[in-house]
Structure formats: structure tokens, C-alpha cells
Amino acid sequence: MPVPAYHELIQPLLKILAIEGEELSKARLVDLLATELRLGQQDVLAKLPSGTGTLFEHHIDWARSHLQLQGLIEGSLERGMRLTARGWDIAGKTYPQAAQRRYLQTQSTDRERVTDRPLPGETGLADLSDAENMITPDETAALNQIKRLNDELGLALIHRICRQSPTFFETLVIDLLVAMGYGRAHRDLARKLGRTGDGGVDGFVAMDELGIDSVYVQAKRYRPEAPVPISAVRDFVGSLDAKRSSRGVFFTTSFFPASAHDYVSHSTFRVVLVGGRQLAGLMMRHNIGVRVKDEIKIRRIDESYFAM
């Protein structure tokens with residue numbers, strides 16, 4: 001098919017940026033758009049009459065310019081581009097499935113990012129892949145159903161949190177940390193701050209009776225499909241420095257782009273980033289905001305009985 005005109009690339013470009021969620025390089029963007037539009041290699045590589053570039057990239061850049069004038073994206077084709085806050089707002093309304101897709105895609109990313117003292121972010125099904133050859137088809141179907149229900153519950157939890165006040169979210173993450181065992185012996189030394197003059201943090205959990213060793217907390221609500229700005233992560237790390245603390249946990253209802261994980265991995269501070277998927281998993285695991293409705297028992301043959 002012929003290379004689409006620039007105005008025909010505006011909606012596909014917005015859609016790709018919404019689904020991917022992170023800043024996209026030129027090579028990645030060209031590849032994703034070509035796949036979305038089902039363009040052949042010959043169309044993608046077709047040169048401009050001047051021979052200075054490809055027609056496809058030229059039209060992409062014009063579409064980018066159009067969206068940038070409307071304040072929907074920032075960056076450039078050469079250096080990489082991403083959606084602005086206004087762009088996320090428009091994209092979220094135009095492509096509502098992007099939120100759910102981003103939520104589900106961050107599961108494996110969140111699992112890989114947690115190191116040292118782990119924050120368990122799954123819902124008890126993390127070891128299923130190792131046991132696939134040991135369970136029956138009926139058991140597999142039942143476990144898949146449980147996983148689907150947990151995914152739906154997790155997304156529902158995130159949407160409920162987003163409808164609550166910032167103060168509610170700050171209290172929630174403190175309750176969650178205490179339920180996980182952080183500062184459990186000193187509940188009175190675990191509190192939310194979240195007020196003017198709090199130094200850029202929303203709460204802390206004291207790890208010892210005197211409060212000498214503390215973990216500071218940031219809790220930010222973002223739409224599930226919108227990434228946390230890297231500037232927010234930098235500000236939180238700066239707040240830890242001001243508090244003379246070396247450890248902190250940043251909770252969000254959305255997700256952290258790769259640049260945020262890269263930033264904290266090179267920081268001298270111990271900062272754990274907890275995205276919406278992991279947050280929901282932790283809440284379900286520790287019964288924060290949820291309660292058990294049904295328990296499912298899966299039975300199998302007791303080999304020891306027949307060995308008598």
C-alpha cells in the first residue's frame with residue numbers, strides 16, 4: 001500500500017505512544033507504526049525525491065509537528081518523543097484499552113525490578129510456570145481462571161484508589177507497609193505526613209523503636225495508562241537527601257518508565273518503585289482493601305494412600 005499522508009498518521013501515532021507508554025526512539029516508532037499500518041519493507045524504505053530521507057519518516061515528522069502544536073506530544077523524531085500530560089488525557093479517552101494493556105504489561109517488569117529485600121508483588125501464582133508439567137488440564141483451567149479474576153480485581157482496586165483522596169492513598173500505603181511487617185512492632189512510629197512542609201514525602205515507617213532507621217514513602221496517584229514523570233522520582237530522591245535517609249519507597253497507581261528504574265538503580269539511595277500492578281498484588285496478598293469471598297480447593301490423587 002502507498003505510504004499514508006501525514007494526517008493519516010496522526011491517530012496511529014497517538015495510539016502507539018499511548019500503548020507503549022514510554023519515550024520512543026525513531027527506529028522503534030517507525031517499526032511499530034509500520035506494523036500497525038501493515039506497510040511492507042519497500043514502502044517503509046521508499047526515499048524522498050531529494051534522497052535525503054524516507055517518505056515514511058518525513059510524514060511521521062509532519063504528524064508529530066501537528067500533535068506538538070496541539071500540546072499533545074513532546075520531543076522529536078530524531079531524539080525520541082512521548083505524550084504530554086494533555087496528550088495522555090486525550091489518548092486515554094480515545095484509546096481506553098491502553099490503560100488495561102499497560103497495567104497487564106507491567107507485571108513482568110515489576111517482578112524483575114525488585115531486588116534486595118523483596119516487596120512481594122504477586123498474588124500467589126508466580127510459580128505456576130514451573131509446575132505446568134505437573135498439573136492436569138482441569139487444574140490449569142482453574143488456575144488460569146483464578147489469575148484472570150485476580151487481574152480484574154487488581155485493575156478494579158487501582159481504579160478505586162484513583163477515585164479516593166490523596167490522603168486516603170497516603171494512609172493506604174502506610175497500612176500496607178505495616179501489614180507487610182515494616183515497622184510492625186512500632187505502629188505508632190509509622191505515620192503519614194502529606195501536608196505543607198512535609199519535605200516532599202508523604203509518610204514514613206520507623207524500623208526501630210527510636211526511629212533512627214526509617215523508610216520514607218511517596219504515594220502518587222496517576223491514571224493507570226500514564227507513566228510517572230521522571231521528575232517526580234528525582235524530586236523524591238532529593239527529599240530523601242534532605243531527610244538524611246537512605247531508603248524510600250515510591251508507590252503509584254500507574255507505572256514507572258524504564259528511565260525511572262535506570263535512575264534509581266544508579267542512585268546512592270535505596271529506592272524501591274512500586275507500580276500499580278505490584279501495588280494491587282501486595283494489597284491482595286496482605287488483605288488491604290479486599291477480603292476473601294470464596295476459597296477453591298483443587299484435589300489430586302493421594303499416591304501415599306495407594307502405596308499401602
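With which residue does lysine 26 form a salt bridge, and how far apart are the closest N and O atoms? In the predicted model described here, the partner of lysine 26 is glutamate 78, and the closest N and O atoms of this salt bridge are 3.1 Å apart. Because lysine 26 lies in helix α2 whereas glutamate 78 lies in the loop between β1 (73–76) and β2 (80–83), the pair ties together parts that are 52 residues apart in sequence. The two residues fall into separate classes of accessibility: lysine 26 is partly exposed, with a relative accessible area of 23%, and glutamate 78 counts as exposed at 59%. The pair also belongs to a network of salt bridges in which Lys26, Glu57 and Glu78 are linked.

As to the overall architecture, the protein contains 12 helices and 7 strands. Of its 308 residues, 44% are buried. Among the contacts with a sequence separation of 6 or more, 64% are accounted for by residues 24 or more positions apart.

The salt bridges of the structure number 5 in total. One of them joins lysine 15 to glutamate 36, with a distance of 3.0 Å between the closest N and O atoms. Since lysine 15 is part of helix α1 and glutamate 36 is part of helix α2 (residues 26–37), this pair ties together parts that are 21 residues apart in sequence. Both partners are partly exposed, with relative accessible areas of 25% for lysine 15 and 35% for glutamate 36. A further salt bridge is formed where the side chains of glutamate 74 and arginine 82 meet, at 3.0 Å from N to O.

The axes of helix α1 (residues 6–20) and helix α5 (residues 85–94) come within 10 Å of each other and cross at roughly 100°. With angles of 65 to 115 degrees counted as roughly perpendicular, α1 and α5 are therefore roughly perpendicular to each other. On the side of α1 the contact is made by Gln11, Leu14, Leu17 and Ala18, and on the side of α5 by Trp88, Ile90, Ala91 and Thr94. Classified by residue type, the contact of α1 with α5 comprises 6 nonpolar and 2 polar residues, with no charged residues.

Two buried residues illustrate contacts made across the sequence. Phenylalanine 169, which is placed in helix α8 (residues 166–179), counts as buried at 0% relative accessibility. Although phenylalanine 169 and alanine 219 are 50 residues apart in sequence, their C-alpha atoms are 6.6 Å apart in space. When neighbours within four places in sequence are left aside, phenylalanine 169 is in contact with Ile161, Ala219, Lys220, Arg221, Phe251, Thr252, Thr253 and Leu279.

Serine 254, by comparison, is located in a loop, namely that between β6 (247–252) and α10 (258–265), and with a relative accessibility of 4% it counts as buried. A polar atom of the side chain of serine 254 lies 2.8 Å from the backbone oxygen of alanine 226. Apart from residues up to four places away in sequence, serine 254 touches Tyr222, Arg223, Pro224, Ala226, Pro227, Val228, Gly275 and Gly276.

Most residues other than glycine have a negative phi. Arginine 38, although it is not a glycine, has a positive phi of about 55°; this residue is found in the loop between α2 and α3 (41–44) and is exposed, with a relative accessible area of 75%. Asparagine 287, likewise not a glycine, has a positive phi of about 55°. The loop that holds asparagine 287 runs between α11 (276–285) and α12 (303–306), and asparagine 287 is partly exposed, its relative accessible area being 46%.

Terms used: Residues are numbered from 1 along each chain as its sequence is written. This is a predicted model: local features need pLDDT of at least 70, side-chain atom pairs count only at pLDDT 80 or more; totals for chains, interfaces and linings use all residues. Side-chain values use heavy atoms; hydrogens and water are left out. Axes are lines fitted to C-alpha atoms, for helices over the stretch in contact, and angles run from 0 to 180 degrees between N-to-C directions. Helices (H or I, at least four residues) and strands (E, at least two) are DSSP runs, numbered from the N terminus. Angles under 35 degrees count as roughly parallel, over 145 as roughly antiparallel, 65 to 115 as roughly perpendicular and the rest as oblique. Contact means heavy atoms within 4.5 Å. Ala, Val, Leu, Ile, Met, Phe, Trp, Tyr, Cys and Pro count as nonpolar, Asp, Glu, Lys and Arg as charged, and the others, Gly among them, as polar. A salt bridge is a side-chain nitrogen of Lys or Arg within 4 Å of a carboxyl oxygen of Asp or Glu. Buried means under 20% relative accessible area, exposed over 50%, partly exposed in between (1.4 Å probe, protein chains only). A polar contact is a pair of N or O atoms within 3.5 Å; within protein, one must be able to donate a hydrogen and the other to accept it, and residues adjacent in sequence count only if both atoms are side-chain atoms.
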